[in-house]
Protein chains: 4
Amino acid sequence: MAIIGFIGLGTMGAPMARNLLSAGHELRVFDVSAEACAMLASEGATATENAIEAAEGAEFAITMLPNDTIVSGVMLGEEGLIEQLSARPLLIDCSTISPDTTRRIAHAAADKGFGIIDAPVSGGPTGAAEGTLSFMVGGSETDFARAEPVLKNMGRLIVHAGDNGAGQVAKLCNNMTAAVVMAATAEALALGISQGLDPEKLSSIMANSSAGSFVLNRWNPWPGVMPDTPASRDYAGGFQLGLMLKDLNLAVANARDAGASVPFGALAQSMYMMQAGRAQDAVRADFSSIQKLFTRPA
Amino acid sequence: MAIIGFIGLGTMGAPMARNLLSAGHELRVFDVSAEACAMLASEGATATENAIEAAEGAEFAITMLPNDTIVSGVMLGEEGLIEQLSARPLLIDCSTISPDTTRRIAHAAADKGFGIIDAPVSGGPTGAAEGTLSFMVGGSETDFARAEPVLKNMGRLIVHAGDNGAGQVAKLCNNMTAAVVMAATAEALALGISQGLDPEKLSSIMANSSAGSFVLNRWNPWPGVMPDTPASRDYAGGFQLGLMLKDLNLAVANARDAGASVPFGALAQSMYMMQAGRAQDAVRADFSSIQKLFTRPA
Amino acid sequence: MAIIGFIGLGTMGAPMARNLLSAGHELRVFDVSAEACAMLASEGATATENAIEAAEGAEFAITMLPNDTIVSGVMLGEEGLIEQLSARPLLIDCSTISPDTTRRIAHAAADKGFGIIDAPVSGGPTGAAEGTLSFMVGGSETDFARAEPVLKNMGRLIVHAGDNGAGQVAKLCNNMTAAVVMAATAEALALGISQGLDPEKLSSIMANSSAGSFVLNRWNPWPGVMPDTPASRDYAGGFQLGLMLKDLNLAVANARDAGASVPFGALAQSMYMMQAGRAQDAVRADFSSIQKLFTRPA
Amino acid sequence: MAIIGFIGLGTMGAPMARNLLSAGHELRVFDVSAEACAMLASEGATATENAIEAAEGAEFAITMLPNDTIVSGVMLGEEGLIEQLSARPLLIDCSTISPDTTRRIAHAAADKGFGIIDAPVSGGPTGAAEGTLSFMVGGSETDFARAEPVLKNMGRLIVHAGDNGAGQVAKLCNNMTAAVVMAATAEALALGISQGLDPEKLSSIMANSSAGSFVLNRWNPWPGVMPDTPASRDYAGGFQLGLMLKDLNLAVANARDAGASVPFGALAQSMYMMQAGRAQDAVRADFSSIQKLFTRPA
């Protein structure tokens, strides 16, 4: 078992840390919310005063933070982990941030002799709680091999996507595509159903033909077609539209930085943004609620 | 076994007619190409001089024709089947045409006491030859039940989508979605691979996550990822981009007629059209060649 | 002065016919609405029983009709003008229909020795009433020259765009562009104003820079920026969104037939369609009401 | 006359500085290129060793720099102007950067007692050389009034758009719209001309109707229609496509930050990016070369 520093105990980070505790690791945790720290401490972790204290002397320092600015703040600069730590834990950043920022941090880390991987996840709070997350990992073979057993304590599928940044790129490519598939499926269902087709029948025909997809076959956006989808409980639960929009924003920005043209991803960004602006709570509904943009008022 | 009139012996119609012959039906065939008629006659069908002669006295009259104008010409007007036939075969239109035209023909047929279904197919020339087509059927329960055994001689999956026109609508919804999924998958692969990710690894990550789809998992557009896809043989074979564009055109026109907004389908129409215009033979390549639009010259 | 058959006395046709009467021409009118005929008859025209009676013996036969099907019905087939008329008036079609239909009619007309031009208009009911319409004309130099004096009685700007169909093409190119410019201007205004910029100041800056356009400088879509625009009277009057959508539909269909990729026109079609579906009366508002699609609820 | 620190002597900055010299101001210049400094020094400016030295003791400190990172580096942080200067020149940032960065810098400046405005320009190198630039200014009334006379020495139109950041927002709204208008105009011209219409005639019809715009009427993208446009000299000169793409990138990012949906701007970003990737030098051509994306090979 290892000593692990864990920084960021939000909706995702807290249950991930909990699974590491359950696996028998020694955990030193930090979060800007003292309450979050206290909660984990009550379950067996050691609460610390800041990120450096959490990571100092650990074998692994895991970060699970909300955005580029916060990750950069923890990692870089005079006050960052890379400058301040006297030992060299393997840095594992599970945050979803831009590949450019990830690469910049990786260079800085390498300069100081740190091993580092990016390991963004998919699976959401449920996956985090159940320890069934997928990790898409960017970094060297060596660092991947070293991290894999620890990641296994929090997830089921651990894939090595390539060099530093490749984990982020893979996640953004995946989520951008899923966002487009969802929106395209929703507009097609609306088109067919508006002409009298039965939602279940149409879904079933498409699911068994060339329009079949994870989205259509498992996450159908039309209410009532599948009993257990967010669509069938007024789009509650699932993967929030606001989070999908965050990933689309990162993906389109990544395409811009890479000089790639992504007209479908860019259209998806615009359409999810439009749906996000239509009602107060629209960002908190599951992303399959993009269906509403294509459904005419009765 | 039944007496069947079969009108339209092209790339799809000829092998479909052949399977009906093999099943033991008595076939009376017609095509504007005398050669096509002669070929089927040499295999046991009876060649006729026109559509009316082919259909007169038959239990089923099957049409497999290229577009709205030709189907309307055969069915409607003073010289059409509906006006001219003295008996009442069940009309089975396997052509892919606009739902509006299909409904107009169905009304005319019903007025004269004909049973009629629309039964567009998916599966391409290979499916037609092997008798493994899928049929998406629009029409009454009674007519569907009557047609089903005959369709089974030509295909594997026979689905009843709804009333007259619903078969066409289901096919267009399916193909429009597949076209978008293909293009979105292609742009995402190009985005990731341009940043150094391995095509197989990225495909595999996405295929096993929320971006998974029939298109990605079975028809991967990146050359070399799957040995048996069109992409891996320079986009030869498969489903021609020009035919997908025809279906997209029908789908967007159908959306217009239905008052539905289909921004993703419309963008796909524009992008496939752009790719179609880039080279002499671009329309004959498999539709996964939309990949080329997103791949920068080396 | 000439004898003129005038077919189609709707919102546009009636005031156009009135201007021909005022100019001293002898008018024989027909419309499916007997009421519309009676109205014009009370102003000096001769009401007739059908299109053929209106056009027989005239020097000019003018049609102003709502769509392809109706224009084709009046012109083509056994019962159409081209087959039935014993004399040969110059056919002037002022309807906005697809260039393909226009060309098909022109071929049929030429086969029978008719001169024919397409002469779709811009300027709306106000322009029709005031005789200030613009006519975009397709046809031969000779036919254009012959028609010009008559068109001058109904409009101010008469342009010869090219061969038969070119008038329709020019109108569709113009209106498709105007629709995109309006929508793009609206989204930019919404973007700036949502960040605190003053609507008038932002409009003025853009109007005097590279974003300037007829649309921005004369038809500003933001309420209150210009006192006399539809936007400043809750989008009443102006050019109905439903009519712009009809033109966009024709333009996108024309692009499809011409093998041209029009991603911006296609996106505009989708966005105006989306706005059209958002409220009961949305299609009757001025097309600058596309602004509403980009304005977030307060 | 005033003492002015001028930082950034590139394609735009050098001629702007030159105009300030001509107006009689005392100039202290800095650029990372010693050569650029030496050039200005030979014309009467005082070369300095760094930005702080250039700005210290001046009444105005003008920056004209390529991107957010460089402007932030010069302004913010321990080593930045805001922290290091002992006196308080009015800070005038003429760079085009993101409104968010501009606002962040403005807050930092205000905290330390600096006056500051953002004053991005339009008009390009020619406008810079001739002193005919337009300045879109964000900042307080007082700071605007103080800066105006100095800006007048470099430009003709000086507009006050609103608070800090409003200059950037106005410029991005303008350029995003211009980019869409150009692309939409280009696709419409290609559509019409592919059907036989004369480029000049079609342009003239649209220019005098609702499709008229600065872009169409002054910057026509079709070669040969206007003698003096970039299109008529193989797209040389003008406003580089790569620079328009930079502005589109900033505009779409600004929309993302503002929570605004900009489907047309986003599509433009994708289409200009696609054109940028089609050839080695595509980014250096005038942005009207987006025409090439819509023109089919002969």
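Between chain D and chain C, 16 residue pairs are in polar contact, both residues of each pair being at pLDDT 80 or more. The model is a predicted one.

**Chain D against chain C**

- Chain D brings 55 residues to the contact, and chain C brings 55 residues.
- About 4500 Å² of area is buried between chain D and chain C, and carbon and sulfur atoms give 68% of that area.
- Several elements of chain D each supply at least two residues of the side that touches chain C, among them helix H6 (99-111), strand S9 (155-162), helix H10 (199-207) and helix H12 (241-258).
- Helix H9 (166-193), helix H11 (214-218) and helix H13 (263-276) of chain D also each supply at least two residues of that side.
- H9(D) gives the most to the side of chain D that touches chain C, with 18 residues.
- By class, the residues on this side of chain D are 34 nonpolar, 17 polar and 4 charged.

**Chain D against chain B**

- Here 10 residues of chain D are in contact with 10 residues of chain B.
- The area buried between chain D and chain B is about 740 Å², with 65% of it given by carbon and sulfur atoms.
- The count of salt bridges between chain D and chain B is 0.
- The side of chain D that touches chain B has 7 nonpolar residues, 1 polar residue and 2 charged residues.

**Aromatic rings**

- Over all chains, the structure holds 12 aromatic pairs.
- One of the pairs is formed by C:Phe239 and C:Phe287, with 6.0 Å from centre to centre and 80° between the planes.
- This pair counts as edge-to-face because its angle falls in the class for planes over 60 degrees apart.
- C:Phe239 lies in the loop between helix H11 (214-218) and helix H12 (241-258) of chain C, and C:Phe287 lies in the segment after helix H13 (263-276) of chain C, so the pair ties together parts that are 48 residues apart in sequence.
- C:Phe239 counts as partly exposed because its relative accessibility is 23%, whereas C:Phe287 counts as buried because its relative accessibility is 4%.
- In chain A, one aromatic cluster is formed by A:Phe214, A:Trp219, A:Phe239 and A:Phe287.

**C:Gly127**

- C:Gly127 is placed in helix H7 (residues 124-130) of chain C.
- With a relative accessible area of 4%, C:Gly127 is buried; the cut-off for buried is under 20%.
- Leaving aside residues up to four places away in sequence, C:Gly127 touches C:Thr132, C:Leu133 and C:Met154.
- From C-alpha to C-alpha, C:Gly127 and C:Pro263 are 31 Å apart in space, and they are 136 residues apart in sequence.

**B:Thr102**

- B:Thr102 lies in helix H6 (residues 99-111) of chain B.
- B:Thr102 counts as buried because its relative accessibility is 7%.
- Leaving aside residues up to four places away in sequence, B:Thr102 touches B:Ile97, B:Asp118, B:Gly165 and B:Gln168.

Notes
Residues are numbered from 1 along each chain as its sequence is written. Chains are lettered from A and ligands numbered from 1 in the order in which they are written. This is a predicted model: local features need pLDDT of at least 70, side-chain atom pairs count only at pLDDT 80 or more; totals for chains, interfaces and linings use all residues. Side-chain values use heavy atoms; hydrogens and water are left out. Contact means heavy atoms within 4.5 Å. Buried area is the accessible area (1.4 Å probe) that two parts lose on being put together, summed over both. A polar contact is a pair of N or O atoms within 3.5 Å; within protein, one must be able to donate a hydrogen and the other to accept it, and residues adjacent in sequence count only if both atoms are side-chain atoms. Helices (H or I, at least four residues) and strands (E, at least two) are DSSP runs, numbered from the N terminus. Ala, Val, Leu, Ile, Met, Phe, Trp, Tyr, Cys and Pro count as nonpolar, Asp, Glu, Lys and Arg as charged, and the others, Gly among them, as polar. Rings of Phe, Tyr and Trp (its six-membered ring) pair if their centres lie within 6.5 Å; planes under 30 degrees apart count as stacked, over 60 as edge-to-face and the rest as tilted. Buried means under 20% relative accessible area, exposed over 50%, partly exposed in between (1.4 Å probe, protein chains only). A salt bridge is a side-chain nitrogen of Lys or Arg within 4 Å of a carboxyl oxygen of Asp or Glu.
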